[in-house]
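Dear colleague,

I am passing on the structure that we talked about, and my notes follow below it. Please read them with the structure open beside you.

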Amino acid sequence: MMFDPHQRARFLIEEARIAGITPQDSLWLRHHASDCMECARYEESVAGILRGLNSFAFELDPGAGARVQNAVLAHARKPSPAWRWALAAAVLLLLAMVPVYRSMRQARREKADTLLMEEVESRVRRVIPLAMEPLIQSQEESQ
Amino acid sequence: MSEPGETEAERIARGLRRKDLTVIRELVERYQYRLVRYLIFLTARREFVDDWAQETWVRVLNNPTQYDGRSRFDTWLFSIARHLAIDDLRRHRNVSLDAEIDQPLDPQSPFLEAARNQEAARLAAALGALGPIYREALVLRFHEELSLQEISQLVGTPVQTVASRIRRGLERLRIDWERGANDV
């Protein structure tokens with residue numbers, strides 16, 4: 001609790017700008033400052049400081065501004081690192097799949113060749129005995 | 001363009017996630033000056049500020065998912081810029097912001113260059129001599145109009161500490177201000 005009205009007034013002058021004060025405190029402050037020259041001068045100093053702070057005008061180098069814009073937009077257009085990693089992973093996966101695909105194709109061919117050979121052999125086994133039958137018959141008759 | 005029921009912060013967050021060039025261009029235009037001003041107040045330096053500002057935007061684009069649109073965009077932007085500038089000064093330029101306190105103002109001070117009237121010119125020297133944490137608190141409260149809670153989140157200190165920094169910063173400026181008035 002502040003008993004010194006000037007101390008309270010100065011606290012409220014700053015607090016009004018820092019975090020805000022209640023309407024009652026604001027009313028009290030107005031009343032006090034209208035009667036107290038020193039606190040009114042304090043309030044004017046704080047107001048002048050804030051006006052001064054707000055009147056600084058820093059110059060933006062127009063070239064630097066354009067460079068920032070261009071760099072940022074160029075960066076935004078680039079694919080993100082996640083996309084680049086995904087792309088690289090996809091390429092590696094494809095490359096890794098090539099030998100697997102080749103060996104699978106080779107195995108399939110070998111299997112097809114084996115089946116074909118079996119087919120040929122079974123046909124040969126069936127066809128030759130039939131072709132030999134007349135010969136065997138004529139040998140039996142001559143005996 | 002905003003979707004129905006979407007706040008401005010959510011629109012920005014969505015634009016960043018999609019790398020929407022219109023949103024990005026708009027953000028740079030809207031915040032570049034404020035970013036530069038914040039960095040100058042924080043560091044009292046002008047020469048590195050454009051590089052820091054550019055790098056800040058690159059980090060914003062590299063980490064768009066870190067901004068969820070629940071808080072103000074500028075507090076997130078300033079917090080990236082803050083870490084970047086402090087790290088850069090400490091690591092590469094071998095400067096600590098704390099070491100600048102109480103050093104006399106460089107005649108080429110960015111505050112003197114930016115003073116456009118007598119009131120600002122009276123403050124320039126006092127600002128240069130003020131510690132970075134006080135200048136930072138003042139710019140965030142009185143230029144950016146952030147609440148004490150928002151400043152507290154940005155700088156990572158309790159609300160009471162933020163209020164005390166603003167109060168102390170104002171007090172030091174006021175002492176110099178009144179001394180200047182008496183000199184005149």
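Between chain B and chain A, 12 residue pairs are in polar contact, with both residues at pLDDT 80 or more; a polar contact is a pair of N or O atoms within 3.5 Å, where within protein one must be able to donate a hydrogen and the other to accept it, and residues adjacent in sequence count only if both atoms are side-chain atoms. This is a predicted model, in which local features need pLDDT of at least 70 and side-chain atom pairs count only at pLDDT 80 or more, while totals for chains, interfaces and linings use all residues. Residues are numbered from 1 along each chain as its sequence is written, chains are lettered from A and ligands numbered from 1 in the order in which they are written, and side-chain values use heavy atoms, with hydrogens and water left out.

The rule also finds 4 salt bridges across this interface, a salt bridge being a side-chain nitrogen of Lys or Arg within 4 Å of a carboxyl oxygen of Asp or Glu. B:R116 forms a salt bridge with A:E59, and their closest N and O atoms are 3.3 Å apart.

In terms of contact, meaning heavy atoms within 4.5 Å, 44 residues of chain B meet 35 residues of chain A. The area buried between the two chains (the accessible area, with a 1.4 Å probe, that two parts lose on being put together, summed over both) is about 3800 Å², and carbon and sulfur atoms give 65% of it. On the side of chain B, B:Y33, B:F142 and B:R167 lose the most area to chain A, together 16% of what that side buries.

Best wishes
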